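Have a look at the picture first, then we'll go through it together.

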Amino acid sequence: MAHTKDNTTTQRTFKHLSAYERGKIAALLKEGYSQRKIAEKLGRSSSTINREIKKGTTTQLNYDLSTYEQYFPETG
């Protein structure tokens with residue numbers, strides 16, 4: 001019996017963010033760009049940028065023991 005391919009779903013075309021793109025995200029965040037503008041500049045979905053920023057953001061400790069959050073491209 002021959003097996004036919006009857007898939008109704010389309011092939012997914014995921015592409016990982018490159019180290020360059022992660023660095024660009026960090027630079028644009030420091031310049032004050034919104035996540036949507038960063039997505040437009042990189043030609044990526046705004047949800048991709050949002051997820052990357054969430055993954056790469058860590059809580060840091062100041063010298064006075066107060067905390068702040070910052071995106072690090074190496075963490076993502």
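Is Ile53 buried or exposed? Ile53 counts as buried, because its relative accessibility is 10% (buried is under 20%, exposed over 50%, partly exposed in between, with a 1.4 Å probe and protein chains only). Keep in mind that this is a predicted model, where local features need pLDDT of at least 70, side-chain atom pairs count only at pLDDT 80 or more, and totals for chains, interfaces and linings use all residues. Residues are numbered from 1 along each chain as its sequence is written, and side-chain values use heavy atoms, leaving out hydrogens and water.

**The whole protein**
- The protein has three helices and two strands, in the order α-α-α-β-β from the N terminus (DSSP runs: helices are H or I with at least four residues, strands are E with at least two, numbered from the N terminus).
- Of the 76 residues, 20% are buried.

**Two helices meeting**
- Helix H1 (residues 19-30) packs with helix H3 (residues 46-56) at an angle of about 85°, so the two are roughly perpendicular (that means 65 to 115 degrees).
- On the H1 side, Arg22, Ile25 and Leu29 are in contact with Ile49, Glu52, Ile53 and Lys55 of H3 (contact means heavy atoms within 4.5 Å).

**Back to Ile53**
- Ile53 sits in helix H3.
- Setting aside neighbours within four places in sequence, Ile53 touches Ile25, Leu29, Gln35 and Tyr71.
- Ile53 and Ile25 are 28 residues apart along the chain, with 8.2 Å between their C-alpha atoms.

Terms used. Axes fitted to C-alpha atoms, helices over the stretch in contact; angles between N-to-C directions. Parallel < 35°, antiparallel > 145°, perpendicular 65-115°, else oblique.
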